[in-house]
Amino acid sequence: MKKNKLSNIEIAEFTNQLSLTLHAGISIFEGISIMRDDINGTNHFIHSIYKDMDNWEIF
């Protein structure tokens, strides 16, 4: 499966949104969840990040 690379603009926008989320006191997981809910389509990289985070087990 070929993975597309993110552009510098996409990386900057994502990190800016994540920064704003954390400064607002929202957890990373909840912030990613909010971003995922705002995205149309299921092929966006945020869906992959959310899926990976949702499958983690914390002991």
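A residue is termed buried when its relative accessible area is under 20%, exposed when it is over 50%, and partly exposed in between, with a 1.4 Å probe and protein chains only. By this criterion Phe 14 is buried, at a relative accessible area of 15%.

The model is predicted: local features need pLDDT of at least 70, side-chain atom pairs count only at pLDDT 80 or more, and totals for chains, interfaces and linings use all residues. Residues are numbered from 1 along each chain as its sequence is written, and side-chain values use heavy atoms, with hydrogens and water left out.

**Overall architecture**

The chain contains 3 helices and 0 strands, arranged along the sequence as α-α-α. Helices (H or I, at least four residues) and strands (E, at least two) are DSSP runs, numbered from the N terminus. Of the 59 residues in the chain, 19% are buried. The chain exposes about 5200 Å², of which carbon and sulfur atoms supply 54%; accessible areas come from the Shrake-Rupley method with a 1.4 Å probe, and for residues only the protein chains shown count as cover. A contact requires heavy atoms within 4.5 Å. Among contacts between residues at least 6 apart in sequence, 23% join residues at least 24 apart.

**Aromatic pairs**

The whole structure holds 2 aromatic pairs. Rings of Phe, Tyr and Trp (its six-membered ring) pair if their centres lie within 6.5 Å; planes under 30 degrees apart count as stacked, over 60 as edge-to-face and the rest as tilted.

| Pair | Centre distance | Plane angle | Class |
|---|---|---|---|
| Phe 14 and Phe 45 | 5.4 Å | 75 degrees | edge-to-face |
| Phe 29 and Tyr 50 | 5.1 Å | 25 degrees | stacked |

Phe 14 belongs to helix α1 (residues 8-23) and Phe 45 to helix α3, so their pair ties together parts 31 residues apart in sequence. Phe 29 lies in helix α2 (residues 28-38) and Tyr 50 in helix α3, so this pair ties together parts 21 residues apart in sequence.

Tyr 50 is located in helix α3 (residues 45-55) and is buried, with a relative accessible area of 15%. Apart from neighbours within four places in sequence, Tyr 50 contacts Phe 29, Ile 32, Ser 33 and Arg 36. Arg 36 also lies over the face of Tyr 50, at 3.8 Å from the ring centre; a charge sits over a ring if NZ of Lys or CZ of Arg is within 6 Å of the ring centre and within 35 degrees of the ring normal. The C-alpha atoms of Tyr 50 and Met 35, 15 residues apart along the chain, are 9.3 Å from each other.
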